[in-house]
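Colleague: I am new to this structure and would like a close look at one part, the surroundings of the ligand. Could you then show me how the rest is laid out around the chain?

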Amino acid sequence: MDCGRRWPRSGRCDVREVDLLDRYPRVRRNIAAREAARPSQREIARRFGREYFDGEREQGYGGYRYDGRWVAIAERMRDFYRLEAGHVILDVGCAKGFLLHDFRQVIPGIRVAGLDLSPYATENAMHDVRPFLAVGSADALPYPDDTFDLVISINTVHNLELLDCVRAIGEMERVGRRFKYLQVDSYRDDEEREKFERWQLTALTHFDPEGWRKLFRQAGYAGDYSWTITG
Ligand SMILES: C[S@@+](CC[C@H](N)C(=O)[O-])C[C@H]1O[C@@H](n2cnc3c(N)ncnc32)[C@H](O)[C@@H]1O
């Protein structure tokens, strides 16, 4: 699809639902196992420290290691947004910088920045991107207006309380001069919501798709978005 003419600040484009994570491997979530351990694990997970990334599966990723799965996503975004050398990308909630690392592999000359709340993740990030990472919160991005060609946030802003979540989405809009891509967790009916609530460890703000769209409007968000539905 041709996105080359979508410049929100000079002739606004539509906010658009598009799944650019469709090449991400889908693994079936073991909801029962996660739920059994949940109450205390949730508290540990929300610290976003070693236990969350590299501890037990019940309290987070159970080992957040590079395996190349983001290469296909970086290629997909490169083609979709026509990214090239010299463009600047920000990943909000970048964790260990895997996606940014892969952007550098698939688009030589691309410039990257990443921000994450977790000192553990950034200290254990991939070596080549570590100099470009900052510790901070998504609701107060330490960058001037209109800095980035593409601002991405995957699986992150739902970890903030409602008002901070709105601010974080607005911040993506503020620092992005061209494209934005936001992914959040969601559910379309009561059954999916129940599964989501049994599975999730860290989310503080969550809605069905219409609820999210309303929040995007409230935040003044004019970028692309997609959901992940717990299945
Ligand atoms: C589910 S992980 C997603 C990591 C990565 N984007 C991915 O998709 O693999 C959520 C990330 O959000 C980060 N995070 C949580 N709250 C945050 C905040 N307020 N500001 C920035 N990052 C935050 C966590 O440290 C963690 O790295």
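Modeller: The shell around the ligand divides into eleven nonpolar residues, seven polar and one charged. Here Ala, Val, Leu, Ile, Met, Phe, Trp, Tyr, Cys and Pro count as nonpolar, Asp, Glu, Lys and Arg as charged, and the others, Gly among them, as polar. Please keep in mind that this is a predicted model, where local features need pLDDT of at least 70 and side-chain atom pairs count only at pLDDT 80 or more, while totals for chains, interfaces and linings use all residues. Residues are numbered from 1 along each chain as its sequence is written, and side-chain values use heavy atoms, leaving out hydrogens and water.

Of the 19 residues around the ligand, those that come nearest are Tyr64, Gly93, Asp116, Ser137 and Ala138; a residue is near if one of its heavy atoms lies within 4 Å. Now for the polar contacts, which are pairs of N or O atoms within 3.5 Å. The side chain of Asp116 has an N or O atom 2.6 Å from an oxygen atom of the ligand. For Ser137, a side-chain N or O atom is 2.9 Å from a nitrogen atom of the ligand. Thr156 places a polar side-chain atom 3.4 Å from an oxygen atom of the ligand. On its own the ligand has 590 Å² of accessible area, and the protein covers 95% of that, by the Shrake-Rupley method with a 1.4 Å probe.

Let us turn to the sheet. Seven strands form an open sheet in the order E1-E7-E6-E5-E2-E3-E4, with parallel pairing. Strands (E, at least two residues) and helices (H or I, at least four) are DSSP runs, numbered from the N terminus, and two strands pair if DSSP finds at least two bridges between them. The edges are strand E1 (16-17) and strand E4 (133-135), each pairing on one side only. Strand E3 (residues 111-116) runs parallel to E4, joined by three bridges, and Leu115 stands opposite Ala134 in E4.

Helix H9 (residues 209-219) lies across E1, E6 and strand E7 (224-229), at about 150° to E7. Such angles run from 0 to 180 degrees between N-to-C directions, with axes fitted to C-alpha atoms, for helices over the stretch in contact, where contact means heavy atoms within 4.5 Å.

How values were computed. Polar contact = N/O pair within 3.5 Å; in protein donor to acceptor, adjacent residues only side chain to side chain.
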